[in-house]
Amino acid sequence: MEKEFELKKIFIKYREIIVYLIVGGMTTVVSFLSYFLFSYICSINYLVSNFLSWVCAVAFAYITNKIWVFQNHNFHFSYVKKECISFVGSRVATLLIDMLIMFVMVSLLHTNDLIAKVVVQVVVTILNYVFSKFFVFKNVK
């Protein structure tokens, strides 16, 4: 009983980060599956596949971050429009970092593209949380 209470206290204290990591994991799955689909099933260039997987992941991440991580249920059009622009803008910044790391690791360092994708996901996940927490959903309580 005491351990359950402690776990509950930890979850309450770190709920946002825990849920973000879960949602981030789900977003990573969306990114990897869509990358695999575009690159290996459809035989699309790895950089184009990476971009397309980014689009899929950003759409998924916006919805899940808004509702579950930051518990923002304001769906008024003008609010969502502004928030969405901010969200996508921050994701464009991390996309550029994502693409640069992929290019350097795959084209210049000849690293396997899936290994490079893992490295990219770690860096991008951290940056996306920081941007979402302090810029996109900063007014959410």
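## Salt bridges

E6 and K9 form a salt bridge, with their closest N and O atoms 3.9 Å apart; the term covers a side-chain nitrogen of Lys or Arg within 4 Å of a carboxyl oxygen of Asp or Glu. Both residues sit in helix α1, 3 residues apart, about one turn of the helix (helices are DSSP runs of H or I, at least four residues, numbered from the N terminus). The model is predicted: local features need pLDDT of at least 70 and side-chain atom pairs pLDDT 80 or more, while totals for chains, interfaces and linings use all residues. Residues are numbered from 1 along each chain as its sequence is written, and side-chain values use heavy atoms, without hydrogens and water.

The structure holds 3 salt bridges. In another, E16 pairs with K133, the closest N and O atoms being 2.9 Å apart. E16 belongs to helix α1 and K133 to helix α4, so this pair ties together parts 117 residues apart in sequence. K66 and E83 also meet in a salt bridge, at 2.7 Å from N to O. This pair links K66 in helix α2 with E83 in helix α3, 17 residues apart. Both K66 and E83 are buried (under 20% relative accessible area, with a 1.4 Å probe and protein chains only).

Key:
Helix = DSSP H or I, 4+ residues; strand = E, 2+ residues; numbered from the N terminus. Buried < 20%, exposed > 50% of the residue type's maximum accessible area, 1.4 Å probe, protein only.
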